[in-house]
Amino acid sequence: MLIDINTYIGHWPFRQLRNNAAQGLLSLMDKYGVDMAAVSSLNAVFYKDTQEGNLELIEEIKDNKDRFIPLAVINPKYAAWEKDFRYCVEKLGMKGLELYPYYHNYDLTEPEPVELIRLAGEMNIPVHLPCAIVNVRQRHWMDTNDNLDLGQVEKLLSLCPDTDFIISNGPSHINAQQLKNASEGRRGRVYYDFARVEVFTLRSSATDFETLVKYAGIDHIVFGSVMPFQYGDPQFVRLAYAGLSEEDMEKVTSGNLKRLFRL
Amino acid sequence: MINYTEILKEEKMKLFKENKVVNWHEHIWDDGSGKLNEELCDCFVEAARKAYMDVVVCSLPVSGGEPDPDTIKRKNDVIAQAMDRHPGFIKGLAFVNPGYSREAVAEIERCVNELGMIGIKLYNQYFISDPVLHPVIEKCIELDIPILEHAGKLRSLPNVQPFLSDGTHFAKAAEKYPDAVIIMAHIGGGGDWQWQLKAIADYPNIYTDISGSVYDEGIIEQTVHYLGAERVLFGTDGSFSQGIGKLLAANIPEKDKIEILNNTKFARYLERGAK
C-alpha cells in the first residue's frame with residue numbers, strides 16, 4: 001500500500017499545471033500505484049477566504065472519498081478561522097490542517113496560529129507544513145520570496161507540544177537535524193517526507209536519506225510526491241535505491257501515515 | 001494496485017542499464033588541503049556505477065569571487081587526480097576565470113593538452129556575453145572543445161550572483177560565436193527554466209543539460225520541445241535521484257531519451273584525452 005502526504009488540486013496562478021483536477025490526480029495516482037493521497041486546495045492558498053477553496057475541494061473529490069485524505073487550508077489571521085476549521089473537521093470530515101504562513105503573511109508563533117495549532121492537537125488533527133510549493137529560485141515575480149521558517153517551527157514545537165506535524169518538500173535531512181532537540185519530550189510527533197532528499201552517496205559517505213533516518217527515525221518518514229507539480233518518478237528512484245528493509249519500506253510507504261491519520 | 005518501485009527497478013531502469021550513459025554535469029571535491037578527497041571520490045564513483053552511468057564529466061569550479069590562476073590550477077589538478085584514479089570513467093572539464101585572460105587561455109591549453117581534459121567549465125564571474133570571454137571562447141573553438149557555463153534566471157532575492165548568465169546572455173554569445181559549442185548548465189537548477197528555454201531556442205550551438213534538483217512536471221518535455229533531443233545532455237549536478245527520475249518520467253520518445261543519455265554530437269569529445 002502507498003499513501004502520499006502531499007498532493008494538490010486546483011489552479012496555480014504562475015505556471016500551467018496538468019492533472020490538477022480530481023480525475024487528473026487520480027490518473028497519476030493510478031500510474032504510480034498510490035492508493036490514497038492527502039490533498040489540499042491550491043485555490044484555498046490564494047483565495048482571501050480559504051474556506052471557499054476547502055469547500056470546492058470537498059465537492060471535487062466527493063466521488064472518490066476512499067482515495068483522498070482532505071486537508072483543510074486555514075489562514076489563522078482571517079476572520080472566523082476557528083469556526084471554519086471546526087466546520088472542516090466536524091462537518092466536512094477533513095483529516096488534517098495545512099498552513100501557509102509564507103503566503104498568508106504571518107509568523108507561526110503569533111497568538112492566532114498557536115491557538116489554531118493547539119486546537120488541532122486537542123482534536124487529534126495533524127498539521128501539515130510544506131516548506132514550499134515550488135522552488136524559490138524559479139518563482140513568478142508576483143509570488144512570495146519566502147519559504148517555511150524553520151526557526152518559527154522550532155519554537156512552535158514547544159508552544160504546541162501535543163500537536164503532530166508533518167514537514168514536507170524541504171531538505172528534511174537538515175530540518176530533522178535542526179529540530180531534533182525540539183522534537184524530543186513532546187507528546188506530538190514530527191514527521192518528514194523525502195521529496196528533497198538524496199539516496200546516493202554523492203557528497204559524503206552517508207546519504208542524505210541515512211541522515212534523515214538518523215535524526216527523524218524510520219517511524220517518522222513518509223512518502224510525499226508534490227503531484228501534480230512534480231514528476232513522480234524521482235520519489236520511486238529514492239525508494240528503489242534507499243536500501244530499505246521490507247519492514248521499513250512498509251512504514252515509509254504507508255504504515256507511518258496510517259498510524260498518524262488512524263486509517 | 002501496482003508496485004511502481006519494483007517496476008522502476010526492474011523495468012524502467014533498463015533504459016540506463018542497456019544504453020550508454022554519459023553524465024555531463026558533475027563535480028569532484030578536494031579535501032581542504034587542496035588534494036583530491038579520495039574517499040568521497042570513490043563513494044561518488046560507486047554511486048554513479050550503481051546508477052548505471054558509464055562516463056561522468058566532472059569539474060571543480062570556484063563558485064565565488066575572482067579566483068586567481070594558482071588557485072585555479074590546484075582545482076584543476078584535483079580533477080586530473082580523479083581522472084587518474086578512475087581512468088575512462090571520470091572525464092575532466094577545466095575551470096578557468098576569464099578575468100585572467102592570458103592565464104585562462106594557458107590553463108585551457110595545459111588542461112586539454114597535458115592533462116587530457118575534454119572541455120571547460122565557467123562559473124558566474126562574468127556574463128558569458130562579456131567581451132572579456134572572447135579569448136577563452138576563441139581558444140575553445142580552436143581546440144574544438146565544449147564550454148559548460150553555470151546558468152540561471154533566478155527570481156529569488158537577494159540576488160547573490162549578479163553576473164549569473166541567463167539564456168539571453170547565452171544567446172548573445174552564441175550569435176557572436178556560432179562555431180562555439182556552448183552548454184547552458186542545469187535546466188533544472190537555474191531558476192526560471194521556461195525563460196531559459198525560450199531565450200536559447202533559436203541558437204543551435206547552445207545546448208543544455210538536465211541536471212539540477214528541480215523536477216517539475218513537464219520540464220523535460222518542454223526542453224525537448226524547444227531544443228530537440230539532439231541539443232540536450234544528461235546531467236545530475238549532485239542530484240542523482242532527480243536527474244534519473246525526471247528522464248524516466250518524461251513523456252518523450254525512447255529514442256530521445258537514449259540520445260540525451262549519450263548525445264551523439266558530443267561523442268567525439270569522449271574519445272579524446274589519454275586519461
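Figure 1. A:Arg137, A:Arg203 and A:Tyr231 supply 21% of what chain A buries against chain B, more than any other three residues. In terms of contact (heavy atoms within 4.5 Å), 40 residues of chain A touch 51 residues of chain B.

A quick word on the model: this is a predicted one, where local features need pLDDT of at least 70 and side-chain atom pairs count only at pLDDT 80 or more, while totals for chains, interfaces and linings use all residues. Residues are numbered from 1 along each chain as its sequence is written, chains are lettered from A and ligands numbered from 1 in the order in which they are written, and side-chain values use heavy atoms, leaving out hydrogens and water.

Figure 2. Three salt bridges cross from chain A to chain B; a salt bridge is a side-chain nitrogen of Lys or Arg within 4 Å of a carboxyl oxygen of Asp or Glu. One joins B:Lys12 to A:Asp233, with the closest N and O atoms 2.9 Å apart. Helix H1 (22-32) and helix H10 (233-241) of chain A are the elements that give two or more residues to the side touching chain B. H10(A) brings the largest share, nine residues. Helices (H or I, at least four residues) and strands (E, at least two) are DSSP runs, numbered from the N terminus.

**Figure 3. Helix H8 of chain A and its buried side.** Take a look at H8(A), residues 172-183: a straight helix of twelve residues would span 16 Å at 1.5 Å a residue, but this one spans only 14 Å between its end C-alpha atoms. The expected span is 1.5 Å times one less than the number of residues. Its buried residues are A:Ser172, A:His173, A:Asn175, A:Ala176 and A:Leu179. They sit on the same side of H8(A), because they cover an arc of only 135° around the axis, taken from the directions from the helix axis to the C-beta atoms. Buried means under 20% relative accessible area, exposed over 50%, and partly exposed in between (1.4 Å probe, protein chains only). The cover over these residues includes helix H7 (150-159), strand S6 (165-168), strand S7 (190-193) and helix H9 (208-216) of chain A. Just after H8(A), A:Gly185 has a positive phi of about 75°.

Figure 4. The peptide bond from A:Met227 to A:Pro228 is cis, with omega near 5°, and A:Pro228 lies in the loop between strand S8 (221-222) and H10 of chain A. A:Asn105 isn't a glycine, yet has a positive phi of about 65°; this residue is exposed, at 71% relative accessibility. A:Asn124 is also not a glycine, and its phi is positive at about 60°. A:Asn124 is partly exposed, with a relative accessible area of 40%.

**Figure 5. Salt bridges within chain B.** B:Glu38 and B:Arg85 meet through their side chains in a salt bridge (3.6 Å, N to O). B:Glu38 lies in helix H3 (residues 38-50) and B:Arg85 in helix H4 (residues 69-85) of chain B, so the pair ties together parts 47 residues apart in sequence. Another salt bridge joins B:Lys139 and B:Glu142 (3.1 Å, N to O). B:Lys139 is buried at 9% relative accessibility, whereas B:Glu142 is exposed at 57%.

Note on methods: Buried area is the accessible area (1.4 Å probe) that two parts lose on being put together, summed over both.
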